[in-house]
Amino acid sequence: MPTKRYFSQCPEFPSDVSVLNIPDISFSELQKDAEKESEKLYNACTEHGFFALDLGGSEDGRELLKQAEKCFDIGTETFDLGSDVLNKYAYKPPSLLGYKATGKLKTDDGKLDIMEMYTISQDDILGTGTRRENPEPVEAHREDCQEFFRQAHKALCVVYSHLNKKLALDPGTLAALSPLDKPSDTSLRLLMSRPQPAVESDRVTLTGHTDIGTITMLFHVVGGLQILPVGCENISLNWRYIRPRPDCVVINVGDTLVEWTGGVLRSSLHRVLTAPGEQASVPRQSLAYLVRPGHNATMRRLKSNGVVPPASEGDEEDIRSVDDWAAGRVRSIILGEVKPQGRGGRSISLC
């Protein structure tokens, strides 16, 4: 989440809703290679699949927060253009690059979504792929977007280095699989949901899902993000809000990383509702940095010194490209062959 300046612009998060307290990890302690913080990070990734990374105590962390705030401003300018202008940059499925208006996706309750998105390609901004045409606010701030991608990747490389150690992988393994300087489907997604009538105060704005990529960073100020705790039945009563906090970013493990580690790490089901309490009266804006592997990566299980289990005897190892695997998984979900659910991790119950 950005700094206190943004939090001062909206009502406080309510105290009377069910909240899941995900682990807090200090970025500055990770940078110091503190073993206690490293263990907390690993436990968070194996038990919850989510954690809050506190960026405030680190110079690099504060720089990332500054860049995130600039991207919030870019998002505001972009969505203020209105759908008539933004539809000129409409996404073309199965790609989500470009603008997605409200009402394009079905949510858990069978209604159409009320979330606007504009997805910016990392390849486009950093020049590792085809240049795309974007709305004026994005084009005018390409350098700011470039710096966001660089700072976000730099922060995640610190996280990757600790996971490498805990998973007994060769140094640099995870960073090399999701590089900044090679083509990939990594993107920055600007998200916006507008205030809804009081009768729809708990409406699902983005359906329950896990993230298909490597890892995700989410910056948000207004509440609405919910997680289904590990071991809980998927009914409305069991979902819990994540309280936004200044100077922190929510990070979650993606399905690709779960597959690479043979289920050692966990990806958890999450969704977005209209903001709770008085926060429902203001627009809910957020940024999601969605990291995907380089196009040359495969789904082959990572080689580890005893932590990542080898494929079971008789099981054929998945050697598909990450792109083929992801496309197949998305297709299976759309066709109803696979139901979105949390995957991997330690067997615990938070219900």
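Tutor: Helices (H or I, at least four residues) and strands (E, at least two) are DSSP runs, numbered from the N terminus, and two strands pair if DSSP finds at least two bridges between them. This is a predicted model, in which local features need pLDDT of at least 70 and side-chain atom pairs count only at pLDDT 80 or more, while totals for chains, interfaces and linings use all residues. Residues are numbered from 1 along each chain as its sequence is written, and side-chain values use heavy atoms, with hydrogens and water left out.

Student: What makes β8 and β12 a pair of strands?
Tutor: Three bridges join β8 (residues 225-227) to β12 (residues 270-273), and the rule asks for at least two, so the two strands pair. They run antiparallel, and Gln 226 stands opposite Arg 271 in β12.

Student: Why are β6 and β9 called edge strands?
Tutor: Four strands form an open antiparallel sheet in the order β6-β12-β8-β9. Within that sheet, β6 (204-209) and β9 (240-241) each pair on one side only, and they are therefore its edge strands.

Student: How do you know what counts as a cavity and what counts as a pocket?
Tutor: On a 1 Å grid over the protein atoms alone, a cavity is a set of points where a 1.4 Å probe fits but cannot get out, whereas a pocket is an open set with protein on both sides within 12 Å along at least five of seven lines. Lining residues have an atom within 4 Å of a point. Grid points are joined across faces, edges and corners, and a volume is the space filled by probe spheres set on the points.

Student: What makes up the lining of the second largest cavity, by class?
Tutor: Ala, Val, Leu, Ile, Met, Phe, Trp, Tyr, Cys and Pro count as nonpolar, Asp, Glu, Lys and Arg as charged, and the others, Gly among them, as polar. The lining of this cavity, which has a volume of about 50 Å³, therefore divides into five nonpolar, one polar and three charged residues. Among the lining residues are Asp 185, Arg 292 and Trp 325, and helix α11 (residues 322-334) provides the largest share, four residues.

Student: Which residues are closest to the centre of the second largest pocket?
Tutor: That pocket has a volume of about 290 Å³, and of its 14 lining residues the closest to the centre are Tyr 6, Gln 9, Val 222, Pro 283 and Gln 285. Helix α4 (residues 59-79) gives the most to the lining, with three residues.
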